[in-house]
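Hi everyone, thanks for coming.

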Amino acid sequence: MNTSTFIGLINNAALLLALGLLYDTIALKRQSERPTVQVLIGVVLGAVGIAVMMTPWEFTPGIIFDTRSVLLSVGGLFFGFVPTLVAVLMTGVYRLSLGGGGAWTGVAVIVTSGAIGVGWRYLRRNGLEAISSLELYILGIVVHIAMLLWMLSLPWSAAIGVLSGISLPVMTVYPVGTVLLGRLLTDRLARKRTAEALRESEQR
């Protein structure tokens, strides 16, 4: 582990800020529940995921890391099943096209991250505007423990090398990235709810 590892992961996480703009411009609109709009959100979410994956940190040839797990877990939490499914398919196909010994492990991480985010969304009882930073951090911990467990699907010698090299930076940076991205979307959702309540009050 070295400084470049942390710098690479942090620079990669910065790309996820584009998700806040997507949430504002599409997902918070009243027509966002229409199937066509849901697919459009998924396509944009998938495009952001591919952009993230185009700036990876390559641990060894064929074994790459990026913040797709943060993107897809938070995307699943805030955008729901259909957009996340589209994004998972897009990023999964792109990961397979990159090839390498870790391709199928990467696809497994993609599917697992999206599934945990969507599952978390539907198991919650309160609205997303009430989600706490602690809950987002726990989500990040769960997702990235699952990601590290998938590394065991690599050949044993490679798995040990990967886990010893990435566990600390991943568990340090990725859950925090999950919190920061989640708070960005939560704050935007809370402002929208407040504005709607104020508008309804003024109308009354």
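This is a predicted model: local features need pLDDT of at least 70, side-chain atom pairs count only at pLDDT 80 or more; totals for chains, interfaces and linings use all residues.

Okay, salt bridges. A search of the whole structure turns up two. In one, the side chains of arginine 124 and glutamate 135 meet at 2.7 Å, N to O. Arginine 124 sits in the loop between helix 6 and helix 7, and glutamate 135 is in helix 7, so the pair ties together parts 11 residues apart in sequence. Arginine 124 counts as buried, because its relative accessibility is 15% and the cut-off is under 20%.

The other bridge joins aspartate 187 and arginine 183, at 3.3 Å, N to O. Both of these lie in helix 8, four residues apart, which is about one turn of the helix. Aspartate 187 is partly exposed at 35% relative accessibility, and arginine 183 is partly exposed too, at 24%.

Now, staying in helix 8, which spans residues 156–203, look at threonine 186. Is threonine 186 buried or exposed? It's buried, at 1% relative accessibility. Its side chain reaches the backbone oxygen of glycine 182 at 2.7 Å. Setting aside neighbours within four places in sequence, threonine 186 touches Phe78, Leu128, Glu129 and Ile131.

Last stop, helix 5. It runs over residues 81–98 and reaches 26 Å from first C-alpha to last, close to the 26 Å expected. Its buried residues include Pro83, Val86 and Arg95.

Methods:
Residues are numbered from 1 along each chain as its sequence is written. Side-chain values use heavy atoms; hydrogens and water are left out. Helices (H or I, at least four residues) and strands (E, at least two) are DSSP runs, numbered from the N terminus. The expected span of a helix is 1.5 Å times one less than its number of residues. Buried means under 20% relative accessible area, exposed over 50%, partly exposed in between (1.4 Å probe, protein chains only). A polar contact is a pair of N or O atoms within 3.5 Å; within protein, one must be able to donate a hydrogen and the other to accept it, and residues adjacent in sequence count only if both atoms are side-chain atoms. Contact means heavy atoms within 4.5 Å. A salt bridge is a side-chain nitrogen of Lys or Arg within 4 Å of a carboxyl oxygen of Asp or Glu.
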